Amino acid sequence: MTQPIPRHPDPGSTGTEALDDVVREHMLLLRRAVHGLGAYRRPEALDRSAVLLLARLEAQGPMTMAELAAAFGLDVSTLQRQIGAAQRAGLVERFRDPAGGQARLHRATDAGRAALEGELAARRAAVAEVTRSWPAPDVAALARLLRRFNEGSEELREQPWPRERPEAPGAAAVPAGTARLRFREMTEVDLDVLAGLLGDPEVMEFYPAPKTRAEVADWIASNRRSYAEHGHGLWIVETHAGAFVGECGLTWQRVDGEPRLEVGYHVAPVLQGRGYATEAAGACRDHARDVLGAPELMAIVHPENTASRRVAEKIGMEVLEEDRTGVDASYLEAIGAEARIVLGMRLA
Ligand SMILES: CC(C)(COP(=O)(O)OP(=O)(O)OC[C@H]1O[C@@H](n2cnc3c(N)ncnc32)[C@H](O)[C@@H]1OP(=O)(O)O)[C@@H](O)C(=O)NCCC(=O)NCCS
């Protein structure tokens, strides 16, 4: 297991070029991503301001004119026009604050809620049409990145949108606990314990070298990027009492030029030989299949790493091929191998 790589690496698209790509795609997204598609088109479509107004009242509950103006960053007269139109259409109503305040509150009517639900169902169908050939994890990844982008912009404007779920679906998902183990995301707080694990020459026998503290800090950062970008990475494995066991998880690795989902594992030397790696890797396999919807899972091992190979076999994998180009020749030279063994299994 080497440093995780992006799922769809695009070497030409970095820095400014990547920002330009985002600008173009964002422009096209706003223009016509779902509107006009067969699944979306219908006579009773709501206009954009009514959709946002109803969605906000549904998410937050009744609001005053001043609260709505602040939430949307609109001047009161513009907002009055929009609310007036929604009231005339019977979508929104005004009522006196039952708590006795002076202000009038606004809420969606039954017709407004029904219209919003119809609108969202049509958009859902249109998104499903666009993404019909995508694997489920890619749809979840798009949702996470869009949410991250929106939340970043809301934070800069100091106009947060109230969201029910603290994180996008799947973003915080870790594999379900096993009889003896549980999983959690790693953070900078784990630097000491991970530096102990990954700096240990015994644990790193089949790697080019034990990791320095700075390299372990990069390792944590790259796994945190992987959680945010893909919804998975290497997780901390610990007992139910919270004792550190090691790390195990799912990352994208390159095998002969192609990104493949890999399960990786490292167990603290004093705890090896107790079946922990097999138990943790089995939970990651189930997570890849049942939660991420991954069609296959790999393990890439050094030819002499019998323990690692046994773990892969014990969770159902078999040797598929040798990989000679997934890592640089200098990496292979450093680990003293001509190729890495690729084990794998179908999940779907
Ligand atoms: C690979 C590793 C994670 C296995 O952890 P573990 O918790 O000891 O593994 P388990 O107890 O679940 O054992 C799994 C199998 O490996 C076998 N095994 C464990 N250590 C072994 C060793 N040193 N030599 C040969 N087989 C070994 C076990 O006997 C068991 O097989 P069995 O049931 O057929 O007897 C651990 O050795 C480790 O952290 N190694 C260093 C890091 C590493 O190389 N990770 C893999 C990178 S691809």
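The protein chain comprises eleven helices and ten strands, where helices (H or I, at least four residues) and strands (E, at least two) are DSSP runs, numbered from the N terminus. The model is predicted: local features need pLDDT of at least 70, side-chain atom pairs count only at pLDDT 80 or more, and totals for chains, interfaces and linings use all residues. Residues are numbered from 1 along each chain as its sequence is written, and side-chain values use heavy atoms, with hydrogens and water left out.

Of the 348 residues, 41% count as buried; buried means under 20% relative accessible area, exposed over 50%, and partly exposed in between (1.4 Å probe, protein chains only). A contact requires heavy atoms within 4.5 Å. Among contacts between residues at least 6 apart in sequence, 64% join residues at least 24 apart.

**The nonpolar cores**

Select Cys248, Leu250, Val263 and Met317, which touch the most other members of the largest nonpolar core, a set of 54 residues. Helix α9 (residues 276–290) gives the most to this core, with seven residues. Apart from this core lies another, of 19 residues, including Leu53, Leu54, Ala69 and Leu79. A nonpolar core is here a set of buried Ala, Val, Leu, Ile, Met, Phe, Trp, Tyr and Cys residues joined through side-chain atoms within 4.5 Å. In soluble globular proteins, nonpolar side chains tend to be buried together.

Which residues does methionine 317 touch, not counting residues up to four places away in sequence? They are Val263, Leu297, Met298, Ala299, Ala312, Leu343, Gly344 and Met345.

**The largest cavity**

Next, select Val237, Val245, Gly246, Glu247, Cys248, His266, Val267, Ala277 and Ala280, the lining of the largest cavity. Its volume is about 30 Å³. The search works on a 1 Å grid over the protein atoms alone: a cavity is a set of points where a 1.4 Å probe fits but cannot get out, a pocket is an open set with protein on both sides within 12 Å along at least five of seven lines, and lining residues have an atom within 4 Å of a point. Grid points are joined across faces, edges and corners, and a volume is the space filled by probe spheres set on the points.

Strand β6 (244–255) gives the most to the cavity lining, with four residues, while β6, β7 and α9 each supply at least two. By class, this lining has six nonpolar, two polar and one charged residues. In this classification Ala, Val, Leu, Ile, Met, Phe, Trp, Tyr, Cys and Pro count as nonpolar, Asp, Glu, Lys and Arg as charged, and the others, Gly among them, as polar.

**The second largest pocket**

Now select Tyr265, His266, Asn305, Ala307 and Ser308, which lie nearest the centre of the second largest pocket among its 33 lining residues. About 670 Å³ of space lies in this pocket. The elements that give two or more residues to its lining are β7 (258–267), α9, β8 (296–301) and α10 (306–314). The largest share, six residues, comes from β7. The lining has 16 nonpolar, ten polar and seven charged residues.

**The aromatic pairs**

A search of the whole structure finds two aromatic pairs. Rings of Phe, Tyr and Trp (its six-membered ring) pair if their centres lie within 6.5 Å; planes under 30 degrees apart count as stacked, over 60 as edge-to-face and the rest as tilted.

Select phenylalanine 72 and tryptophan 161, a tilted pair with 6.3 Å centre to centre and 50° between the planes. Phenylalanine 72 is in helix α3 (residues 65–72) and tryptophan 161 in the loop between α6 and β4 (181–185), 89 residues apart. Tryptophan 161 is partly exposed, with a relative accessible area of 26%.

Then select phenylalanine 183 and tryptophan 235: their ring centres are 6.2 Å apart and their planes at 85°, so the pair is edge-to-face. Phenylalanine 183 lies in strand β4 and tryptophan 235 in strand β5 (residues 234–239), 52 residues apart. Both phenylalanine 183 and tryptophan 235 are buried.

**A loop residue**

Finally, select glutamate 158, in the loop between α6 and β4. Its phi is near 55°, a positive value in a residue other than glycine. Glutamate 158 is exposed, with a relative accessible area of 69%.
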